[in-house]
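User: I am new to this structure and would like a close look at one part of it. Please focus on the aromatic rings and what surrounds them.

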Amino acid sequence: MVAFKFLDQKFRQYPLKYVAQCLMASASILVILSFLNLFHQTTMIASLGASTFIVFAMPSAHSAKPRGLIGGYLMGIITGIIFDLVFAWLTAQNAISSAHLWYTVFGALAVGVTIFLMVITNTEHPPAVGMALAVVIQSWDVASLLFVLAAAVLLAATRALLNRWLIDLH
């Protein structure tokens, strides 16, 4: 049967785990989305959605562990803030002319520096690189950034609490 060859072998062994872990992922992101502005913080939301996938579909991955998850978001947020503040300062000094071009440049630099910092500190969490970009290209406030960190801690805590029941779904 073609349908069964299309399905992951582990799914056939553990269908209830697959369903349960996906439902837990949905519940976790539902809680997170309840506190973020869905229309103004889309990049932050996308990053957290990807993090939720990693935590519930790949719980044994390095990036699903607290060091990667929380440390990665810390690196992304701090780097994004630095590049955003430098961009704002240069704009206020009339040191740059084309805002669109420089948003692009500073966003790209924030991504590259965040990746560098994550790999040298062993805090790799790919979705958190999106946070660095989000902080540069969209408006942000301290409360939202603190909430994103709290969401990362919540995801890490959820993974820790459920770790003995979670399996890698790939």
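How many aromatic pairs does the structure hold?

Analyst: This is a predicted model. The structure holds 6 aromatic pairs. One of them joins Phe35 and Phe147. Their ring centres are 5.5 Å apart and their planes meet at 40 degrees, so this pair is tilted. The pair links distant parts of the chain, 112 residues apart. Phe35 sits in the loop between helix H3 (15–33) and helix H4 (42–57). Phe147 belongs to helix H8 (residues 142–162). Phe35 counts as exposed, because its relative accessibility is 60%. Phe147 has 22% and counts as partly exposed.

Now take Phe83 and Phe106. Their rings form an edge-to-face pair. The distance is 6.2 Å centre to centre, with 70 degrees between the planes. Phe83 lies in helix H5 and Phe106 in helix H6 (residues 99–121), so the pair ties together parts that are 23 residues apart in sequence. Phe83 is buried, because its relative accessibility is 16% and the cut-off for buried is under 20%. Phe106 is buried too, with a relative accessible area of 6%.

Ring pairs link Phe83 and Phe106 with Phe87, Trp102 and Tyr103. Phe83 and Phe106 are also part of a nonpolar core of 8 residues, which includes Leu90 and Ala110.

The largest nonpolar core has 26 residues. Those with the most contacts inside it are Ile32, Leu48, Leu69, Tyr73, Met131 and Val148. The elements giving two or more residues to this core are H3, H4, H5, helix H7 (126–137) and H8. H8 gives the most, with 7 residues. Val148 shows how such contacts reach across the sequence. Leaving aside residues up to four places away in sequence, Val148 touches Met44, Leu48, Tyr73, Ile77 and Met131.

Finally, look at the surface. Leu74, Ile78, Ile82 and Val86 form a nonpolar patch there. Together they have about 320 Å² of accessible area. Val86 lies in helix H5 (residues 66–92). Val86 is partly exposed, with a relative accessible area of 37%. Helix H5 also holds Phe83, which counts as buried.

Conventions:
Residues numbered from 1 in each chain as written. Predicted model: local features only at pLDDT ≥ 70, side-chain atom pairs only at ≥ 80, totals over all residues. Heavy atoms only, no water. Patch = residues over 30% accessible without salt bridge, like charges linked within 9 Å, V, L, I, M, F, W, Y side chains within 5 Å. Areas by Shrake-Rupley, 256 points an atom, 1.4 Å probe, with all protein chains shown as cover. Salt bridge = Lys/Arg side-chain N within 4 Å of Asp/Glu carboxyl O. Helix = DSSP H or I, 4+ residues; strand = E, 2+ residues; numbered from the N terminus. Buried < 20%, exposed > 50% of the residue type's maximum accessible area, 1.4 Å probe, protein only. Phe/Tyr/Trp six-rings, centres within 6.5 Å; stacked < 30°, edge-to-face > 60°. Core = buried A, V, L, I, M, F, W, Y, C linked by side-chain atoms within 4.5 Å. Contact = heavy atoms within 4.5 Å.
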